[in-house]
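Visitor: Please take one hairpin of this model and look at it closely. After that, go on to whatever else in the chain belongs beside it.

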Amino acid sequence: GLYAFDAGTGEALWMRREGGQPPSDLAVADGKLYVSFLTDHALRAFDASTGDLLWEAPGPTGAPTVVDGVVYAADNLNSLWAIDAQTGRKLWAAHSPGGYGFGLAVANGKVYVGGDEDDSPVFAYEASTGALVWRTRTSGENDSTPAVGNGMVYVGSDTFYAFAARTGRIRWSADTGGGEVASAAVANGVVYVGSSDSNVYSFDALTGEQLWVASTQGAVTDSQATIVANGVVYVGTGDDVEHAFDAVTGERLWPYQTGGGVFKQSVVNGTLYVTSFDTHLYAFRLPS
């Protein structure tokens, strides 16, 4: 199901039952809600205020990203799509025999996405046409969502990579103690990323120098994401705990025990929203 809640109170505003669960991450832009459905292989657009279905486009199953009136989303087979956000009309499609990762990033007129071919590439495409700009081989599957900043693209695989955004050349890489590295966050010249070795890492975004490492007391998988806002790094684990760390020092500010594995999280207007496999949505606010 899809749910809308009052951001201040948690009051339920509407819900809608759809086929093809589970849905992907949600994207909201210009009063519309965009979500892909796995077993239905479809991207659907809804009115964000009412939940009414506006259009459906067959194909995508991955998390959508909306930029400049275009929805970008991949599927779990071999296609990456660009779709008109207003009408649902397909603008272009690109293809990779091994399929694509869970999410993608759009920046500076390019679409960046990981792939699962035999040589585990990371791709860059022209956002306007779908033309391939570069592909770079890595050592493992790239299911996490890329992060872009400082002229580089950061992708977690079995190793954490930083690529030159323009050329795809590997600028640096860093090993963690786990076989899966989650989606990263970049802020103020620092990149933050969780790992399945039950740690979150902080690296200099330009050089890859490790700045600090802190225990998350549970694995962070490639379907989860580290986020940073207002000097705080947030990361959830499959072991039912949401953590907050000081972005500069790595000091743990607080943990919170949920009733199930932490799944997705976002920060909007100073509030952290967290979904959990205990069927709850949580909201946290830091003291002013």
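Guide: Strand 5 (residues 42-47) and strand 6 (residues 53-58) run antiparallel and are joined by 5 bridges. Strands here are DSSP runs of E with at least two residues, numbered from the N terminus, and two strands pair if DSSP finds at least two bridges between them. Within this pair, Ala45 stands opposite Trp55 of strand 6. The hairpin has 5 residues between its strands, and Gly51 takes a positive phi near 85° there.

The model is predicted: local features need pLDDT of at least 70, side-chain atom pairs count only at pLDDT 80 or more, and totals for chains, interfaces and linings use all residues. Residues are numbered from 1 along each chain as its sequence is written, and side-chain values use heavy atoms, with hydrogens and water left out.

Most residues other than glycine have a negative phi. His41, not a glycine, has a positive phi of about 50°. His41 is found in the loop between strand 4 (32-37) and strand 5. With a relative accessible area of 25%, His41 is partly exposed, a class that lies between buried (under 20%) and exposed (over 50%), computed with a 1.4 Å probe on protein chains only.

Asp240 lies in the loop between strand 24 (232-236) and strand 25, and is partly exposed at 23% relative accessible area.

Strand 25 (residues 241-246) is joined to strand 26 by 5 bridges, and His243 has Pro255 of strand 26 as its bridge partner.

Elsewhere, the largest nonpolar core has 15 residues, and among those touching the most other members are Tyr72, Leu80 and Tyr100. Such a core is a set of buried Ala, Val, Leu, Ile, Met, Phe, Trp, Tyr and Cys residues joined through side-chain atoms within 4.5 Å. Strand 8 (70-74) and strand 11 (100-107) are among the strands that each supply at least two residues of this core. A second, separate core of 14 residues includes Tyr154 and Val193.

Key
Helix = DSSP H or I, 4+ residues; strand = E, 2+ residues; numbered from the N terminus.
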